[in-house]
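This report is meant for a reader who is meeting the structure for the first time. Please look through the sequence and the model before reading on.

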Number of protein chains: 2
Amino acid sequence: MARIAVDMDEVIADFIAKQLELFNQENKTRYTKADLAGKKLREMHPEQAEWIRELVSDRSYFADLPVIEGARETLKKLAEKHEIFITTAAMEFPTSFDAKYAWLKEHFDFIPESHYVFCGDKSILSADYLIDDHMRHLENFQGQGILFASQHNLDETYQPKMANWAEVYSYFQEKE
Amino acid sequence: MARIAVDMDEVIADFIAKQLELFNQENKTRYTKADLAGKKLREMHPEQAEWIRELVSDRSYFADLPVIEGARETLKKLAEKHEIFITTAAMEFPTSFDAKYAWLKEHFDFIPESHYVFCGDKSILSADYLIDDHMRHLENFQGQGILFASQHNLDETYQPKMANWAEVYSYFQEKE
């Protein structure tokens, strides 16, 4: 049995899908995820950075994010053999605590709340693996990192890098 | 430099002082901390357990807890040489997130928010030391535990056990 720490935004929660939708509504644009290859919306539109910051600071922003495809099913299977912790850098969004907690309860009810971790610096985590979309968190982590592919990390060559939850499942299958 | 993880309730935040005050008001009693030797208020008054649970579930309960004597001054000195993380089992009180965050910002402004951890099972913490008033958290922790004395753990003989923050400071002074 391994202990697997799993990030939320862009790994199990589709943070960007909602941001794109609201940005497109506001600005009459038609961006899709493909347009974000290697960059963030706020980098493409620095004049809107403040608007984006306010958007994601809304207390309810995190309440209705879509679940990333395959995340629930894969983690449910992995949880049969491994110990899963959800480890999110929530301290970067202190208005998000309640919504993140409720979202996890709703979509990942098979993970006990004692295994939720709201943190900042992920070097505090004691786990065998960390699945995360941010290089800075993997670099701080002492165990084995797994980079979860997202539009913003398209150019990162970190290994292992997983394109989706099916790849994560295969990775842990091969470990057995 | 060591990494020291520090619990909140009954270690840096005086959770019980407020509970006693409100309980005494409600019930016309005159309990002091000394009356709680080795037990909890809800064990002495099981008929009031629900009232107590509701009390501490109030979103603002944690907002104005007094700081435990010496906690701020000692941690400020320890932070000059060591890495301090505040690690609280906040998932047991999911209504407390905002108040706990604001309380830390107010009273422990020298600790960056990236070093706040809201968790449940403290076996997830990677640190050299954990200062905590609960045996179950020390037993789960993989580093060196330090039991911080509280009325409810009066009978615990765990070593090391520290009666106050002056003792904690001496302990780390001797380590150098």
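## A leucine in chain B

B:Leu41 belongs to helix α2 of chain B, which spans residues 41-44, where helices (H or I, at least four residues) and strands (E, at least two) are DSSP runs, numbered from the N terminus. The model is a predicted one, in which local features need pLDDT of at least 70 and side-chain atom pairs count only at pLDDT 80 or more, while totals for chains, interfaces and linings use all residues. Residues are numbered from 1 along each chain as its sequence is written, chains are lettered from A and ligands numbered from 1 in the order in which they are written, and side-chain values use heavy atoms, with hydrogens and water left out.

Because its relative accessible area is 3%, B:Leu41 is buried (buried means under 20% relative accessible area, exposed over 50%, and partly exposed in between, with a 1.4 Å probe and protein chains only). Apart from neighbours within four places in sequence, B:Leu41 is in contact with B:Gln19, B:Leu20, B:Phe23, B:Tyr31, B:Leu36 and B:Ile52, contact meaning heavy atoms within 4.5 Å. B:Ile52 lies 11 residues away along the chain, and its C-alpha atom is separated from that of B:Leu41 by 8.4 Å.

## An aspartate in a loop

In chain B, the loop between β1 (3-6) and α1 (15-27) holds B:Asp7, which counts as buried because its relative accessibility is 5%. The side chains of B:Asp7 and B:Lys122 are joined by a polar contact of 3.2 Å (a pair of N or O atoms within 3.5 Å; within protein, one must be able to donate a hydrogen and the other to accept it, and residues adjacent in sequence count only if both atoms are side-chain atoms). Leaving aside neighbours within four places in sequence, the residues in contact with B:Asp7 include B:Ile12, B:Thr87 and B:Asp132.

## Where the two chains meet

Between chain A and chain B, 23 residues of chain A are in contact with 23 residues of chain B. The count of salt bridges between these chains is 2, a salt bridge being a side-chain nitrogen of Lys or Arg within 4 Å of a carboxyl oxygen of Asp or Glu. A:Asp98 forms a salt bridge with B:Arg59, and the closest N and O atoms are 2.6 Å apart.

On the side of chain A that touches chain B, α5 (97-107) and β3 (116-118) each supply at least two residues. In α5(A), A:Phe97, A:Asp98 and A:Tyr101 meet B:Phe97, B:Asp98 and B:Tyr101 in α5(B).
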